[in-house]
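Biologist: Could you walk me through this model, starting with the overall picture and then going into the details?

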Amino acid sequence: SMPAAGGGRAGSGPLRQRGARRPQGAPPVSALASRAPAGWRAALGLVTLLSFASRFHRLPEPPHVCWDETHFGKMGSYYINRTFFFDVHPPLGKMLIGLAGYLSGYDGTFPFQKPGDRYEQHNYMGMRGFCAFLGSCLVPFAYLTVLELSKSLPAALLTAFILIFDTGCITLSQYILLDPILMFFLMGAVLSMVKCNSCADRPFSASWWLWLSLTGVNLAGAMGVKFVGLFVVLLVGLNTIYNLWDLLGNLSLSLVMFGKHFLARVLCLILLPLTLYVAMFAVHFAVLNKSGPGDGFFSSAFQSQLIGNNLHNVSIPEHLAYGSVVTMKNLRMAGGYLHSHWHLYPEGVGARQQQVTAYLHKDLNNLWIIKKHDSDTADLLDSSSPVEFVRHGDIIRLEHKETSRNLHSHQHEAPLTRKHFQVTGYGINGTGDSNDFWRIEVVGRRAGKLIKVLRSKIRLTHVATGCILGSSGKTLPKWGWEQVEVTCTPYVKETPNSLWNFEDHINPKLPNISLDVLKPSFVEILLESHMVMIRGNSGLKPKDNEVTSKPWHWPINYQGLRFSGVNETDYRVYLLGNPVVWWLNLFTIGLYLLIAISTAVVLKRGVQLTSEHKGELSRVVLRGGGQVALGWLLHYLPFFMMGRVLYFHHYFPAMLFSSMLTGKYWMLGEGEAETRTENCAVLDGHFNSSHSFYLFHPLSYGMIGPMASDPSSPMAGLRWMDSWEF
């Protein structure tokens, strides 16, 4: 697709390979590389039209919330309303969804409470249409990538038709989700990378700078939508290292010129993406300036920035006193508030007493009353009685305000953390025993000093056992409402897990001070938000009745995901790949890996090959095909090492690479006239994928009537695997 003019002659450019030979009369390498097959523009128009038609067909249906639209649609509303929230992914995808909704007239008032809620008069089409637009762009991106790698029009067309007729790609593109946005930037980065590689014989030209810069922009976009964008960053990074290593071995290239190449890549592939990524968060924090459901995940200092938060522009008593009602926040990232509720620990989990946990949201069950260890403090709330401050080293009791039980520990083992002690709520109306006594200590202070709200880092040492109150960071099972475990650790060590600060402070007898001094810097906010996101990602657990899956399920199309509907009268949508497409991709991956291993063995055994055969092997196994296969591996294998909950849709970025590998592998020509066999193969591939799409298209566009398990269902004969639940 690049013009030959100005491309340089063979042997004249800095990237000439030493010792390379080409047959007499053959065109120069750069000219060959820049030659695109005739008719590629018309074919691009055709596949783009089909892609948009298939993604926008029946887009308004069903007119209710489907699957994760309940999350990402709601988050788009939060941006429109400027309400702060917490999510485990970076902000770009949700910001773009919110912007699409705002520009299309959506007012941000739909609650997105649960799947199945009807949109009624609310304008949801702008957000769905935006995602469908980006999902439609994947087909022309893949077409152009394979065309650039192979210079074979049938290969590019086969890839395009595989993606056009894949029911899974259609379904994933038609709803308010992050996946089409992520895959748009991912494929944009891959296309830009291969385009930049094709300009290698004319470095520092306008087209070279354009594609290098676009690669960086798309890397920032992929990382800004989901952290799995890191996989495409790794792919581009390995490609860049390979290119620089190749340049370093080119003795005709001066070290000064090599330094320029190196700095250009640092500028476009590191500094530019990093700047854009940080800018996304700057916009994110500037827009979400109102208090919302995500406040409790962040530190007290961060919350003081949010309009409407109880710490924003507020004045509270500065020093802790007996009789005060307080909340205590753990200092580890996303550590939560000290919390209790009426529920007891289950049988067999320590003593069957009231649960004490750390809770990430603001709640009345986070309130505690500070009392003296040896007397009641009811008289201290009398307006005529003198104020008595809590001091460093005092022994206190903490009574839970809602249930009137005391914070308590004993030598029963904690629920999850071995060798730590259980923490419970104990006693009746504040009357308990000596295991309710805690020594309050301020880090770095001398005995007798007053304790400051928000600023003082305190630890609570259990008087009877000597253990220290802390949050382990582990998520309790369903009996603990999936809140965070609180333990008493006998190991005395200074970590954020065992440190707390007092956040809310209610005492009408004390004067108030302003909290403006708490404002954190942008860098502190940025670091804190990433720590909270990383911890949130690792702690994700499946929701009730939700179909999770294992990575080995994905390439074989073992099990889909129910997007909408559960019975005969519902409008049912089911995420499942086109079986013919997915099994062809799987076969191709296996064949490619077999050839790659065989090639490695042949070369290791020292088999003598002609330069022509070596060039052919290099082209099939390494160039182009190797890049695409590496992309598939990088976007698939890491999921086997992840501890978080996984779903079928996580495989779709890898599926894009397997589809490109199928197109490139089955049409191996590189600019030469395609044979009759290749034309038959591409027609056969198009027919099979389109016929399979005709059979399975109701999965994407909606089914009503008997379930496939009913013999009278029109889908009954299509349930080729028992694990398919449509």
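**Overall picture**

Modeller: Buried residues make up 54% of the 726 residues in the protein, where buried means under 20% relative accessible area, exposed over 50% and partly exposed in between, with a 1.4 Å probe and protein chains only. Keep in mind that this is a predicted model, in which local features need pLDDT of at least 70 and side-chain atom pairs count only at pLDDT 80 or more, while totals for chains, interfaces and linings use all residues. Residues are numbered from 1 along each chain as its sequence is written, and side-chain values use heavy atoms, with hydrogens and water left out.

Biologist: How many helices and strands does the protein have?

Modeller: Helices here are DSSP runs of H or I with at least four residues, strands are E runs of at least two, and both are numbered from the N terminus. Counted that way, the secondary structure comes to 19 helices and 16 strands.

Biologist: What share of the contacts with a separation of 6 or more comes from residues 24 or more positions apart?

Modeller: A contact means heavy atoms within 4.5 Å. Among contacts with a separation of 6 or more, the share from residues 24 or more positions apart is 76%.

Biologist: Are α9 and α10 roughly parallel or roughly antiparallel?

Modeller: The axes of α9 (residues 206-225) and α10 (residues 230-248) come within 8 Å and cross at roughly 155°. Axes are lines fitted to C-alpha atoms, for helices over the stretch in contact, and angles run from 0 to 180 degrees between N-to-C directions. Under 35 degrees counts as roughly parallel, over 145 as roughly antiparallel, 65 to 115 as roughly perpendicular and the rest as oblique. So α9 and α10 are roughly antiparallel.

Biologist: How many residues of the contact of α9 with α10 are charged?

Modeller: On the α9 side you have Thr 215, Leu 219, Ala 222 and Met 223, and they meet Leu 230, Val 232, Val 233 and Val 236 in α10. Ala, Val, Leu, Ile, Met, Phe, Trp, Tyr, Cys and Pro count as nonpolar, Asp, Glu, Lys and Arg as charged, and the others, Gly among them, as polar. That contact divides into seven nonpolar, one polar and, for charged residues, none.

Biologist: How many residues of α16 are buried?

Modeller: Helix α16 spans residues 625-634 and is mostly covered. Gly 625, Gly 626, Val 628, Ala 629, Gly 631, Trp 632 and Leu 634 are the buried ones.

**Strands**

Biologist: Which residue in β10 stands opposite Glu 441?

Modeller: Strand β9 (residues 438-442) is mostly covered, with four of its five residues buried. Two strands pair if DSSP finds at least two bridges between them. On one hand, β9 pairs with β6 (residues 395-400) in the antiparallel sense over two bridges, and Ile 395 stands opposite Arg 439 there. On the other, five bridges join β9 to β10 (residues 458-462), also antiparallel, and the residue facing Glu 441 is Arg 459.

**Salt bridges**

Biologist: How far apart are the closest N and O atoms of Arg 128 and Glu 69?

Modeller: A salt bridge is a side-chain nitrogen of Lys or Arg within 4 Å of a carboxyl oxygen of Asp or Glu, and the structure holds 15 of them. This one links distant parts of the chain, with Arg 128 in α5 (residues 125-150) and Glu 69 in α3 (residues 69-81), 59 residues apart. Arg 128 counts as buried at 0% relative accessibility, and Glu 69 is buried at 0% too. Their closest N and O atoms are 2.9 Å apart.

Biologist: Which peptide bond is cis, with omega near -10°?

Modeller: Look in the loop between α2 (40-56) and α3, where Pro 62 lies. The cis bond runs from Glu 61 to Pro 62.

Biologist: What is the phi of Lys 151?

Modeller: Lys 151 is found in the loop between α5 and α6 (153-164), and at 7% relative accessibility it counts as buried. Its phi is positive although Lys 151 is a residue other than glycine, with a value near 55°.
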